[in-house]
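The following report walks through one structure, element by element, for a reader who wishes to compare the text with the sequence and the coordinates on display.

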Amino acid sequence: MVGAAVEIVGRRRERDALADAARSLDAGRGSLVLIRGESGVGKTRLLRFLADLATAPQQLFTASARRLEAGMPFRVVAQALGCEPTSDDPELASIAQRLRARDDAGQTVPFDTVPELRAEALDRLVDHVVRCCTVSPVVLVLDDLQWADLDSLAVLDVLTGRLAELPLLIALAHQQAVPDPDVAAALGELGVTGTVLELEGLDTAEVDELVTNVVGAPPAASLRATLDGAGGNPLLLLESLSALDGADALAPAGDAIELASDHPATPPADALLARVRSLGPEVAELMTLAAVMGSTTTIAELAAVSERPITDVIAAVREARAHGVVADEGDHIAFRHELVRSAVDAQLGDAEKSAIAATAARVLVTMDAPPERVAPHLIAAPDGTVADTAARLLAAARRVRSSPRLAISYGERALATCPDDELLRARIVEELATAHCWAGQPEPASHLVRVQLARLGETSPDRTPTAHRDQAPTAAIDADEGPPPQSSPPTHADPADHDASPYAAARRRIPALRRVLARALTLQGHAAEAADALDPLDADVDDPREERHLRIDGAFARLIALDVHGATATVRALGAQTDDPLVVSATAAIESWYATLQGHGPTAVAAGRDAVLAAEGDPLAYRYRPWLVLAQAHFVNDEVEETLTSLARDRELSNEHGAAWGTAVAHSVTAGLHLRTGRWDDTVAQAYEGLRWASDHRTRLGVPWLHAYLAQVALRRGDTEAAAGHLADAEAELAGGARMGLDGVWWTRGLLAEHADDLGGAVEALGGLWDLLIGTGFTARCSLVGPDLVRVTRARGDTERAAEVTDRLEALVATCDTGSARAAALRARGMTTDDVALLDEAVDIYRDVASPVMASWTAGEAALAAARVGDTDDATTRAREVVGEVGTRGATGEADLLVRQLRAHGVRLRRRRRASAPSVGWEALTDTEWSVARLAAEGLTNRDVAERLHMSPRTVESHLTHIFRKVGVTSRVELAVAVSTRLAEEPGLGAGGETTPAG
């Protein structure tokens, strides 16, 4: 009587919403629909309804997230797109290979340790969907997203931001209860961008309709009372009706169906068990074991745990499949619905489940199951019931490094069950603390390591007493598949009392533990402490190469902490002792960085090139990002194109070799380059991209500079309130422990004070920074800060201080012989002597070295010098030219400041306000946006455009969003047509969107 398939009952509003989304897709408009509700309420049926609406030439991609795959990077999206190494699509196959990237030891590379690799995978998956959309409309249907990984949700987040331009319909479903709070938050954010369908239980009329469809008549009062316990849940209703029908408990009552008088009312939840029990005791027992073993298990595993012949298990699974208890999953056993599995699992007590888990764990170990398959059962098993639990959980944590939260759960349980084996404990702490770092939790990571170091005899986290160095084998711990040798070291470590091999072997993990501690401290902004933690002078290191690498790590930590002298001394001593390519490269990189800070551009570039060249001998050297170091050297040497080229190469190699630490620094270099050339929008885009990355990975490296650049753009645009806000953010980063960027913050503080007519505050900030730079020898920034300090001290009448700074700038040209340094010296001398000719010469040099911002500032200072010597006409003419020039860049803040300063010398400009720059239309596009528009119109992907213009794919994405809004298009196809029309109308348009002379 009860049919297997039932039409959707009710849900008219939901079906209409899905149909509307499908019609919008036919019209070329994208949209997102998110369905959520309790298990069994009908989410999957609605997704199938939508999938059935998809017809050729629409492309349909579907997948469901699974509990055991939660946290696997990009899993559900990759599954939907068919992203496998064997895919016929070369791009998908390539992406799949990257997702399975392995390190030199053969271990899967954890994406959280390689943020650039994660960003690359995200961009390539997004680009693949975009390419599919250019062929024909795409319907992407994903179910059970309560088990989704955050990376897949990040892909969806990027795609939802492009729905206005893509023929893409995204339909998602998840249960109300989402175990992972981060996944729940991400799903909530996705819901904001689309239509959310909250599924409740069916109402009384809809329940009657469902019953009528199933049994041929509406329910009478007795049957309705029984079914009320289902709460309108369609799955529970169907299971209840099926169980009642199978028990002959349904009887006609006129035009209705009632519950037979001799049959007791059965709660709907029990109906789920009734289906399983109807299979007979042996099959039901096997299904109970399968339910406890998880959402999915294999026939071979179930046979081994139940100690039954595999032929009997196969027969039982076939019977369960025929009765709709499990689904057809090949050699896997997967329950037809999570409600069924949960109901079967719930009938057992905790003690019974723990016993089954222990048995399953032991059996899976004998079957050589992967550690991550065994781990859930080890966690559920009682303590002491499975041998080597801690060691096996450690192996599992290593295997799931790409999912730090899962690794943390395994590591915490491993630590809780660790026997008296100090070596094993040290290994577990190392793995667990690493997982905490990559999960953005550096505080518990540093605490774990400090405690472990104390157990190993450390008198403090930054000092290791000398210990004995017995040669104990540690290979068993290093291997994922084997448990460690057991030992019984003391819980209180005293190096003088314990010479046993196992304890000495544990102490040899101190360098590795120090590295994890240094990583955690650096992420917290405590680079100086990180450097102390890596100080290997009395560390227990047997391998000379490991000791050298440890010293290199310490030198770089000191460099980040601005202890450049200490870093340089360390690497110089190492460089004299070895020809190790890594050491040679790192030594040259630090020497280059040191020269960069001193402003010795040619020396910095030469050392940077040496670092890059030496890295070719050992790819591990790329983790110290020699190309980023070289980019900074080119920047200080006034070489713009070389800086961009080096940054592009750095981005490529950091992706390949997992060097994540300098990403925000790279963004700050790029943002600084754009600020120098007056490309405000590009500066802002790079700064925000760097801040997003830094926030995601809980790091402060480069962050103060990024905030300072945002403040300076706001200041130049006349938004002093926003500038003050960004400066406050930068100050907060310094207060939190960041060191890199202090010069940018103080410089910005001085400029903001000057714009607020607070000359005293400007002198204090700029003067304090100048004294710091001169005192430390980091004179590269002097060419930026010095002229500003001369200007404000001159304005306050302190000619002696202005002359002193000018003399020092001229002296620095001898060692910092770059165009910027020479221009700065001329600029300062021109202001102190009111020599307009010197200032004009400085303007020319700034233009030669591609620094139009500095050129316009200097031209304004020339107008001030003319005003001070009484040449009002010349001052007025110069000022009007400057105001017009900076106005084209939207630098109204600069113009207003110059006008106020001239007024103090009796020069009053008639403010002929320029018409505000258009906010829409082709004229509203910046040069960069026009370049992006032309390349995108040619059919290049975001990644191709990024490579062509030396930026990241996400920056391209940001530009395209602005372009679409300004030009009024909603897709790349429309953009291509619009660009073609624009070029036909204006054949003289140059690459930057400007009109060029004919011929």
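In this predicted model, five strands form an open sheet in the order β2-β3-β4-β1-β5, and their pairing is parallel. The edge positions are taken by β2 (59-64) and β5 (195-198), each of which has a single partner strand, so one side of each is left without a neighbour in the sheet. Direction ignored, neighbouring strands of this sheet are turned against each other by 10° on average. Within the sheet, strand β1 (residues 31-37) runs parallel to strand β4 (residues 168-175), and seven bridges join the two; in this pairing, Arg36 has His174 in β4 as its bridge partner.

Two helices lie across strands of this sheet. Helix α1 (residues 12-26) lies across β1, β3 (138-143), β4 and β5, and runs at about 155° to β5, while helix α2 (residues 43-53) lies across β1, β2, β3 and β4, and runs at about 165° to β4. The helices α1 and α2 also pack with one another, at an angle of about 30° and with 10 Å between their axes, and the crossing in which α1 passes α2 is right-handed. On the α1 side the contact is made by Glu14, Arg15, Leu18, Ala19 and Ala22, which meet Leu46, Phe49, Leu50 and Leu53 in α2. Of the residues in this contact of α1 with α2, seven are nonpolar and two are charged, with no polar ones.

Strand β6 (residues 250-253) pairs with strand β7 (residues 256-259) in the antiparallel sense, over four bridges, and Ala253 has Ala256 in β7 as its bridge partner. Two residues stand between the strands of the hairpin of β6 and β7, where Gly254 takes a positive phi near 70°.

The next topic is the interior. In soluble globular proteins, nonpolar side chains tend to be buried together. Here the largest nonpolar core has 121 residues, and those with the most contacts inside it are Ile552, Phe556, Trp747 and Leu902. Helix α42 (residues 852-868) supplies the largest share of this core, with 11 residues. Leaving aside residues up to four places away in sequence, Ile552 touches Val571, Leu574, Leu582, Val583, Ala586 and Tyr624.

Not counting residues up to four places away in sequence, Ala866 touches Val836, Asp871, Asp874 and Ala875. Ala866 lies 31 residues from Asp835 in sequence, and the C-alpha atoms of these two residues are 8.2 Å apart in space. The C-alpha atom of Gly760 is separated by 8.6 Å from that of Val792, and the two residues are 32 residues apart along the chain.

Asp757 has a positive phi, near 60°, and is placed in the loop between α36 (742-755) and α37 (759-776). Ala850 likewise has a positive phi near 60°, and is placed in the loop between α41 (836-848) and α42. As to accessibility, Asp757 is exposed, because its relative accessible area of 52% is over the 50% limit, whereas Ala850 is partly exposed, at 30%. The table gathers the accessibility values of the residues discussed individually.

| Residue | Relative accessible area | Class |
|---|---|---|
| Asp757 | 52% | exposed |
| Ala850 | 30% | partly exposed |

Some totals describe the chain as a whole. The protein chain contains 48 helices and 10 strands, and 57% of its 999 residues count as buried. Among the contacts in the protein chain with a separation of 6 or more, 69% are accounted for by residues 24 or more positions apart.

Terms used
Residues numbered from 1 in each chain as written. Predicted model: local features only at pLDDT ≥ 70, side-chain atom pairs only at ≥ 80, totals over all residues. Heavy atoms only, no water. Core = buried A, V, L, I, M, F, W, Y, C linked by side-chain atoms within 4.5 Å. Buried < 20%, exposed > 50% of the residue type's maximum accessible area, 1.4 Å probe, protein only. Contact = heavy atoms within 4.5 Å. Pairing = 2+ DSSP bridges. Axes fitted to C-alpha atoms, helices over the stretch in contact; angles between N-to-C directions. Left-handed = near helix turned anticlockwise from the far one by under 90°. Nonpolar A, V, L, I, M, F, W, Y, C, P; charged D, E, K, R; others polar.
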